[in-house]
Amino acid sequence: MLENNQQDFCFENIEGSLVCLYFPDYMDGINAAGWHLHFISKDRKKGGHVFDVCFDKADAVINTITSIEIKLPEGAYFDTYALKEASQKDIKKVEQGK
């Protein structure tokens with residue numbers, strides 16, 4: 001079973017970048033399908049996976065990509081790691097906070 005060991009942080013009145021990625025259903029397996037939001041503060045000292053966000057002012061840039069580069073883990077323990085054992089419910093809980 002996949003464990004949710006992510007720490008929760010609440011940032012207020014902070015500047016930074018919000019990066020939103022969407023993985024279509026056919027990408028499931030490479031990453032959990034759906035939307036993924038990540039934040040990094042302007043000073044690069046705070047950030048992480050985003051489950052909820054609101055802002056007063058924002059600039060947005062939308063870009064479509066047609067390729068991805070995947071760096072495979074080098075640690076030996078990944079050779080036997082079985083992500084397939086995690087249920088879709090467990091993955092959704094960790095990745096999307098649901």
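Colleague: How many helices and strands does the secondary structure of the protein come to?

Modeller: This is a predicted model. Read from the N terminus, its elements follow the order β-β-β-α. The secondary structure therefore comes to 1 helix and 3 strands.

Colleague: What percentage of the residues of the protein count as buried?

Modeller: A residue counts as buried when its relative accessible area is under 20%. The protein exposes about 9200 Å², of which carbon and sulfur atoms supply 52%. Among the 98 residues of the protein, the share that counts as buried is 15%.

Colleague: Is serine 41 buried or exposed?

Modeller: Serine 41 belongs to strand 2, which covers residues 34-41. Its relative accessible area is 2%, and the cut-off for a buried residue is under 20%. Serine 41 is therefore buried.

Colleague: Which residue has its backbone nitrogen 3.2 Å from a polar atom of the side chain of serine 41?

Modeller: Beyond its neighbours within four places in sequence, serine 41 is in contact with Ile14, Glu15, Gly16 and Lys46. The 3.2 Å separation involves a polar atom of the serine 41 side chain and a backbone nitrogen. That nitrogen belongs to lysine 45.

Colleague: Is isoleucine 30 buried or exposed?

Modeller: Isoleucine 30 sits in the loop between strand 1 (16-23) and strand 2. Exposed residues are those over 50% relative accessible area, and isoleucine 30 has a relative accessibility of 53%. Isoleucine 30 therefore counts as exposed.

Colleague: What distance separates the C-alpha atoms of isoleucine 30 and isoleucine 70?

Modeller: Not counting residues up to four places away in sequence, isoleucine 30 touches Ile68 and Ile70. Isoleucine 30 and isoleucine 70 are 40 residues apart along the chain. Their C-alpha atoms are separated by 9.0 Å.

Colleague: Which strand gives the most to the lining of the largest pocket?

Modeller: The largest pocket holds about 1900 Å³ of space. Of the 45 residues that line this pocket, the closest to its centre are Ser17, Leu18, Val19, Cys20 and Phe39. Strand 1, strand 2 and strand 3 (47-49) each supply at least two lining residues. The most, 8 residues, comes from strand 1.

Colleague: How many nonpolar residues does the lining of the largest pocket have?

Modeller: Sorted by class, the lining of the largest pocket includes 12 polar and 7 charged residues. The number of nonpolar residues in this lining is 26.

Technical notes:
Residues are numbered from 1 along each chain as its sequence is written. This is a predicted model: local features need pLDDT of at least 70, side-chain atom pairs count only at pLDDT 80 or more; totals for chains, interfaces and linings use all residues. Side-chain values use heavy atoms; hydrogens and water are left out. Helices (H or I, at least four residues) and strands (E, at least two) are DSSP runs, numbered from the N terminus. Buried means under 20% relative accessible area, exposed over 50%, partly exposed in between (1.4 Å probe, protein chains only). Accessible areas come from the Shrake-Rupley method with a 1.4 Å probe; for residues, only the protein chains shown count as cover. A polar contact is a pair of N or O atoms within 3.5 Å; within protein, one must be able to donate a hydrogen and the other to accept it, and residues adjacent in sequence count only if both atoms are side-chain atoms. Contact means heavy atoms within 4.5 Å. On a 1 Å grid over the protein atoms alone, a cavity is a set of points where a 1.4 Å probe fits but cannot get out, and a pocket is an open set with protein on both sides within 12 Å along at least five of seven lines; lining residues have an atom within 4 Å of a point. Grid points are joined across faces, edges and corners, and a volume is the space filled by probe spheres set on the points. Ala, Val, Leu, Ile, Met, Phe, Trp, Tyr, Cys and Pro count as nonpolar, Asp, Glu, Lys and Arg as charged, and the others, Gly among them, as polar.
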